[in-house]
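Okay, everyone, have a look at the screen.

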Amino acid sequence: MNLDNFQKALSELQTRCNGLVQNLTTNLNRFPKSPPWARIAPIRPLTAETIEQRLEGVPVYALSNAADEFMLVSGASTGRNLGLFCFNKEDAEALLHQVTAIDPLMPQGSKVVPVALNKVFQLKVNGVAFRLIPEFSQVKNALQEREKSGIPSSDFFGVPVFQSRSLILKNQTKRYRPLFFRKEDLENSIEKASGQLNRVKLSTGQGDIEVASLEDVIKEMKENSTSKWDDVIFIPPGFDVSSATDPNLL
């Protein structure tokens, strides 16, 4: 599969997520159709618009009522309303089931809906805090990788993202570092790219996989004019980049 086919596959994912719900103040009608790496501009420091373009193809899942409004959860400790966005659809469905069991008066027609991640970062509603809920399996993977790197910890704050020193993506004259929301997608990319380049299967040894939090990455992209994250692209869960033009293992 070449880069055009890979982009087409990503576009089809975005198209299936069309018909998004309306936020209390923001229209979330549909995903943009162009893949994130087709619209990267070399801006330093990166603008909010540029960062959001890189997050376009990544879906998260929220609870919506029959009126296509986000359902909010009351924060017991803070007293603020929470808008929750899950990276795993099954987690969002489990949350909906739990909320329905707690509140029998929940309106009919409540459902789980996909939302483009870049739209979540645009949301600003007084009295509402928006929270991203990572996949539990990926938090576990992140802790394991940090332990391999000599940084043992029992807690991980934020949404884990994974990259490898061994994998870059080249598009014509530009080089990008892909960031993955699932460790398994990164490993699949490395393995397939290694096979395409007629190399012996590459093992992801100690220190090869690096872990960061999505929130920290975005914060540094916004604030640091020499951020080490300027050349990254975000790969949606379930995708790999091995079929893109000229994948490289360093």
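So, aromatic pairs: searching the whole structure turns up 4 of them. Rings of Phe, Tyr and Trp (its six-membered ring) pair if their centres lie within 6.5 Å; planes under 30 degrees apart are called stacked, over 60 edge-to-face, and the rest tilted. Phe70, Phe85 and Phe130 are linked into a cluster by ring pairs.

Quick housekeeping: the model is predicted, so local features need pLDDT of at least 70, side-chain atom pairs count only at pLDDT 80 or more, and totals for chains, interfaces and linings use all residues. Numbering starts from 1 along each chain as its sequence is written, and side-chain values use heavy atoms, leaving out hydrogens and water.

Now the strands, which are DSSP runs of E, at least two residues, numbered from the N terminus; two of them pair if DSSP finds at least two bridges between them. Strand β3 (residues 81–86) runs antiparallel to β2 (residues 73–74), with 2 bridges, and parallel to β5 (residues 128–133), with 6 bridges. Find Asn81 in β3: it stands opposite Ser74 and also opposite Val128 in β5.

The largest cavity holds about 40 Å³, counted as the space filled by probe spheres set on the points, which are joined across faces, edges and corners. Its lining (residues with an atom within 4 Å of a point) includes Phe87, Pro134 and Glu135.

Note on methods:
Helices (H or I, at least four residues) and strands (E, at least two) are DSSP runs, numbered from the N terminus. On a 1 Å grid over the protein atoms alone, a cavity is a set of points where a 1.4 Å probe fits but cannot get out, and a pocket is an open set with protein on both sides within 12 Å along at least five of seven lines; lining residues have an atom within 4 Å of a point.
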